[in-house]
Amino acid sequence: MVLLDPYGYGVPPKEVFFPQVLQETGYRTHMVGKWHLGFCDLRYAPTARGFDTWFGYFAAQQDYYTHISEDAGGPGYDLYTADSGDNIELILPSSRYNGSYGLFLHVNEAARIIKDHGKNHADKPMFMYLALQSVHAPLEVPEKYLAQYAGISDSSRRIYAGMVTAMDEGIGNVTKALKEAGMWDNTVLIFASDNGGWPNTVGDNGNGPATAGGNNFPLRGQKLQNFEGGTRVPAFVAGPGASLSSSVAGTDLHNLMHVTDWYPTILALAGAKYTPRNPLDGVSQLAAIRTGGKSPRSKVVYNLATTNEAVHGAIREGDWKLLFLNDKKRGSYAPENTTQYLPLGWTTNTPALNPCPPSINGAWLFNLAEDPYETTNLVATNPSKYQELLSTFHGLQEGAVQDLFEQYTYDLLSLPSTNQWHAWMPWSDKEGSTCTAWEGYKSSVGGDNSGATATALSLLLALVVLCLHL
């Protein structure tokens, strides 16, 4: 879910975040890094949605050194610390953080929290959501991380590679802090990405220069698309607390899993007993992860949204995937003239590099077991499967709620230029604000959490990166 900064809404309060459940189960909960789930009102902020503390920024992206976010609406300072729902403090540009690389600000804060927990709160379990700034635009990294990538001629790709290395070092620093605090033996660390890379920002069909540095090859497509390159991402689970069977530890698991599955999986791992007041989209994958067993999931809804141009969405049932997308924005495989990106043995003549087949009736049908790179549109050759999934897709659309983005408008009162600090900050108290989505707020998570007990685990979750971290 992506919320644009100048709009007066956030994730509705009826949606209970799992850190809220962990709080009621006895966990100390912390968030470090990017929020991007709405902030027009303080009650949308992290410390009102399940986190005891927060250090990070509200918006989608920001400069790694100045901590200025330049999203739609102009530049604004965006770095905060909070230790309760009402006590959220803007860290001014004149602070010691100005000029410090954002990734390491977040890593250092995570390490500080871990050290404090090990020293002063070791009798309680801990959950941390570490939403690292890396790897995300703008492409910036300290010079020392570029030297080993001198052989990459594309400057964007070279910086991107350096950013990944810096991120890897940062995660290593977090695990080191857990070990030094005596917490590693009870820790589960989850790492996952939130979406595929962005190979380029030029051209509708994804064939421009690699200005964003990403590469999802050999998968088709990119961030903001429902092709596999935009949605199929890596993840791993580590740490003694995960209790992985010996036959599973250190191996690859090729199961179907959706990001919403982390919600019930983490609650099950934490020992939280919770009956949600709203149906959950996710299913617990804990048993499958621990044993390598079959995934309990057989279906995925990628997206159901519609636009003025065309239906934009996709669903999967078993190995079959039905996808709709504006035909002008067909996914590519790799940026032009970048053969250095290709896996060993691949060339620009490899069949999977062929242009994406045209849609039929605005749709693509793929069998991902036989065609994981989405090279062959089967709408015409398998009309019965197409009609079956099309009927399912339309049924899901009929039951879908209206996109929040369609209900709210750009609010000029949100702009940094309207406050004395020139910062992105909550603005619901301003006369004329469109931030009215907080009706029906309840501080309790609701549902039934009776009998919940805290398992003696530290959970560290992050986002690129989902670690119990991405």
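Author: Start with secondary structure: helices (H or I, at least four residues) and strands (E, at least two) are DSSP runs, numbered from the N terminus. Lys321, for one, lies in strand 12 (residues 320–324). This is a predicted model, where local features need pLDDT of at least 70, side-chain atom pairs count only at pLDDT 80 or more, and totals for chains, interfaces and linings use all residues. Residues are numbered from 1 along each chain as its sequence is written, and side-chain values use heavy atoms, with hydrogens and water left out.

Reader: Is Lys321 buried or exposed?

Author: Buried means under 20% relative accessible area, exposed over 50%, partly exposed in between (1.4 Å probe, protein chains only). Lys321 has a relative accessible area of 0%, so it counts as buried.

Reader: Which side chain does the side chain of Lys321 join in a polar contact?

Author: A polar contact is a pair of N or O atoms within 3.5 Å; within protein, one must be able to donate a hydrogen and the other to accept it, and residues adjacent in sequence count only if both atoms are side-chain atoms. For Lys321 the partner is Glu374, at 2.9 Å.

Reader: Which residues does the disulfide join?

Author: A disulfide is a covalent bond between the sulfur atoms of two cysteines. The criterion here is a pair of cysteine sulfur atoms within 2.5 Å. A search of the whole structure finds one. Cys40 is joined to Cys435, S to S 2.0 Å. The pair links distant parts of the chain, 395 residues apart. Cys40 sits in the loop between strand 1 (28–34) and strand 2 (53–57), and Cys435 in the loop between helix 7 (383–399) and strand 14 (458–462). Both cysteines, Cys40 and Cys435, are buried.

Reader: Which residues touch the most other members of the largest nonpolar core?

Author: In soluble globular proteins, nonpolar side chains tend to be buried together. A nonpolar core is a set of buried Ala, Val, Leu, Ile, Met, Phe, Trp, Tyr and Cys residues joined through side-chain atoms within 4.5 Å. The largest has 81 residues; Leu22, Trp54, Tyr80, Ile114 and Leu267 touch the most other members. A second, separate core of twelve residues includes Ile315 and Tyr386.

Reader: Where is His36, and what is its phi?

Author: His36 lies in the loop between strand 1 and strand 2. Its phi is near 60 degrees, a positive value in a residue other than glycine. His36 is buried, at 9% relative accessible area.
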